[in-house]
Structure formats: C-alpha cells, structure tokens
Amino acid sequence: MTFRELNLKDDILSAIEELGYVQPMPVQEKTIPFMLEQTADLVALAQTGTGKTAAFGLPVLHMIDASQKKVQALVLAPTRELCIQISNDLKGYSKNMRGMRVVPVYGGEDIRTQLKQLDTPPQIIVATPGRLIDLIERGKIELGGINFLVLDEADEMLNMGFKEDIETILQRTPDTRRTMLFSATMPKEIAMIAKRYMKNYEEITIGTKNSGSENVAHIYYVSQARQHYLVLKRIVDLNPDIYGIVFCRTRQETKEVADKLMHDGYNADALHGDLSQAQRDTVMQKFRIRNIQLLVATDVAARGLDVSDLTHVINYNLPDDVEIYTHRSGRTGRANKKGISVSIIHSKEKFKIKDIERMLKKDFEQQQIPNGLEVCKKQLFHMIDRMENVEVNEEQIDPYMAQIMKQLEYLS
C-alpha cells in the first residue's frame, strides 16, 4: 500500500512525498483509513518510534478547514521536546496547505512569545498540559470549538502526574469532539480515561499489548552491586561503536555514573532533573549529533527524548515496573534496525528477569562479564576494521604518497 491509496488531500500528499514518504508504516496504515472513514474515537497502542505523529497528524490535517481561523485540533504531549517535535512534523506535513498554522505551547520558554503567536488563532495547538492550562486561564486559548483531540504518549503523561491536568483539559472541550489516544502500554488509568471521556472507541494494537520491539535482543549480566560500574565499563569497551542511553534510578546515581565515565575518558554526559532547560537542551543536542556516545539519564529526564539509531539501552539497575522496562528497551531497535537492551542485575533479581520475560514473551540471555582479553581482542579488530574500511580520496592524497611510503618502508 502507498500513501496515494489512503485518499489524502493532494496538498498533503505533495508535502509528504517531498519528505520521502512512500509507504505507510503499520500504525499509519491502520489509523488513517479508520479516522477518515469512521466517526468513533480511537485508542491506539503502539511503541514510540513507530510513526505515530503521521498516524494522527495526516488524517487531522485532512479533516481541518484551513480557511477558518480558529482552533480546531489540540495535541497534548508530556514533554517540551516531544511538543516541539510533533509541531515541526505537522508543519512539514501541512507546508503546502494555504493558511494552515500550527503553534506549540510548552513550559520552560517565555510565555510572552507564545502569547504573541496566539494573537491570530492557529488551527492546531500542540501543548504540554501545564502551560496549556495557564493559557486557558489567561483567556488566550478557547477549546470550546475543537473537533479533534489527540493524547500522545498518554501513559507517559500519567507517569508524570498529569492525570488531573488532563481531566481539567478534557472537561473544557466539547462532547462532540473526536478523541485519539496513543500509548505504548495500557495501564488501568488509561483504560479509565478512555471509558470516562471517549465515545464507543475502537482499539487498535500494533504488535501485542505491552510487548517490546521485535528487533531488540535482551541480555543481562549478574554482578554484585558494588561492581556495577566496572561491569558497565566492560560492556562499553566491548562495543566500541556504542550509541546508547544508560538508565539510572536517581539523579544522584546519574550524576555519579556520568562523572565517573567522563573521568575515565568515555564520551558521556548526564541528563537529570537538576539541569536548567538550557543545559538540558545542550546535552540533548550534543547527543543527537553524536558528540556524546553515552547519555546517562533517569526515566523522567529521558521522556520525550526521541533519538533514532540507538544501538544499546543499558539498565544500570532494573526498574521496578515491567512497563518502564518496555519503554526503555523500546528506544532501541526502531525503524527495522537491530538494538540491544542490556541489564546489570544482582543475583537476587533473577526472579524479576523471569517476570519481564513472561510479560514480554521474550527470552533473555545471560552472558558472562567479558574479561580483559576479550575486550582487547574486540577493540583490536574494531581498529583493524576501521583501517580496512577507511575511505581514501586518492586525488588529494596522491602528492604525499612518496613521503608516506618512505615513512612506512621499515614495516613488513
């Protein structure tokens, strides 16, 4: 199936074709026709990184009247980062639609800038719950006329304690609206919100409920608590091209692990709640452009951080909740690439691994902590690989070849 077969407006099709979209991903293939052809609400269970923004963004854009200068759709997201990202994606999809405006509103930025952007009402607002309520109370946003409401990463919003805010916002919207709720997992509170605020909704599941990504291998190492840091270093040394997130339980642990890694010469940094927004943005930007190989983070700090091509997710400690493990491991192995989820556990925690295996219906492999010789061998072959595969511009290097050969003539 192609996007052309989904019967979207031409100005949307032309924009997404310019972005290189040809075939819809599974979540898009299921939700777009449903939204365009049915009238019921929708609960979609899909992992992060499966193409959800286009799954709700394209049908909503198709059904909005760009000639009407009033708020017709609201997208709620848990974090500032996700809010900005969704807004940029929607602007990309709608760039050929005349008069269509998308405005993001979120905390951590000067409210005056956002007030100014709202002087002319946009058709779509993408918001974090707290800032949205602030702007509603200031009389700057009116939700009485919206036709579409999207709750993205709803489980994350509940984890972050936004339940009351979400209910406050839902009460300000008309009963006639259509609601789309996207979530990676389906905890009890989400089922309750769906029951209370949604009309005869349809549930679409991509993959199985609470399952991890198919492309992720799950491995674990058993070690004493005081040895966790040494095991982490061995894991990193064994994977010279690693690009991943190390999850810690507390801000303090995050700082300590990141400081030790940096002190030991690793390309790492920390992301935790004590950072200012500017510091956080700097760290995340460096990680996105791969100036940092390892990001050490708490679950809360990593929310809304959308980075593709992660090779590894490392659980410095196992989380207490299986759903948190699913979320963490789902950050790697995206877009049909392979990923590895590694856990460092204490021997007493083996029962937890069994619980997670049961929930995810996946087998975890216990591996032996690599010794120094194995690490040296891996690093050596990695270096030889790089030498073998280095790309040489022969024209540029030609004038220096005689000198290079002279310098290397003593080598066999």
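Is K361 buried or exposed? K361 is exposed, with a relative accessible area of 74%. The views below take this residue and several others in turn.

This is a predicted model, in which local features need pLDDT of at least 70, side-chain atom pairs count only at pLDDT 80 or more, and totals for chains, interfaces and linings use all residues. Residues are numbered from 1 along each chain as its sequence is written, and side-chain values use heavy atoms, with hydrogens and water left out.

**View 1. The whole protein has 18 helices and 14 strands.** The radius of gyration is 24 Å, close to the 22 Å that the globule rule gives for 412 residues, so the protein is as compact as a globular protein of that length. That radius is taken over C-alpha atoms, and the rule is 2.2 Å times the number of residues to the power 0.38. Helices (H or I, at least four residues) and strands (E, at least two) are DSSP runs, numbered from the N terminus. The C-alpha atoms fill a box of roughly 80 × 60 × 45 Å along the principal axes. Buried residues make up 51% of the 412. Buried means under 20% relative accessible area, exposed over 50%, and partly exposed in between (1.4 Å probe, protein chains only). Among contacts with a separation of 6 or more, 75% join residues 24 or more positions apart. Contact means heavy atoms within 4.5 Å.

**View 2. Helix α8 spans residues 163-171.** Its buried residues are I166, E167, I169 and L170. Seen down the axis of α8, they fall within an arc of 160°, so they line one face of the helix. The arc is that of the directions from the helix axis to the C-beta atoms. E164 and Q171 are exposed on the other side. The buried residues of α8 pack against β2 (73-76), α6 (129-137), β5 (148-151), α7 (154-159) and α9 (188-197).

**View 3. Helix α6 is one of the elements that the buried residues of α8 pack against.** The buried residues of α6 are P129, R131, L132, I133, L135 and I136. Their cover includes β2, β3 (102-105), α5 (111-117), β4 (124-127), α7 and α8. G139 follows α6. The phi of G139 is positive, near 75°.

**View 4. D269 sits in strand β10, residues 268-271.** D269 is buried, with a relative accessible area of 16%. Leaving aside neighbours within four places in sequence, D269 is in contact with A258, M262, V283, K286, I292, L294, L295 and V296. Q23 is 246 residues from D269 in sequence. Their C-alpha atoms are 37 Å apart.

**View 5. N7 lies in the segment before α1 (10-18).** Phi of N7 is near 60°, a positive value in a residue other than glycine. Most residues other than glycine have a negative phi. N7 is exposed, with a relative accessible area of 58%.

**View 6. K361 lies in the loop between α15 (350-360) and β14 (365-366).** Phi of K361 is near 55°. This is a positive value in a residue other than glycine. As in the opening answer, K361 is exposed, at 74% relative accessible area.
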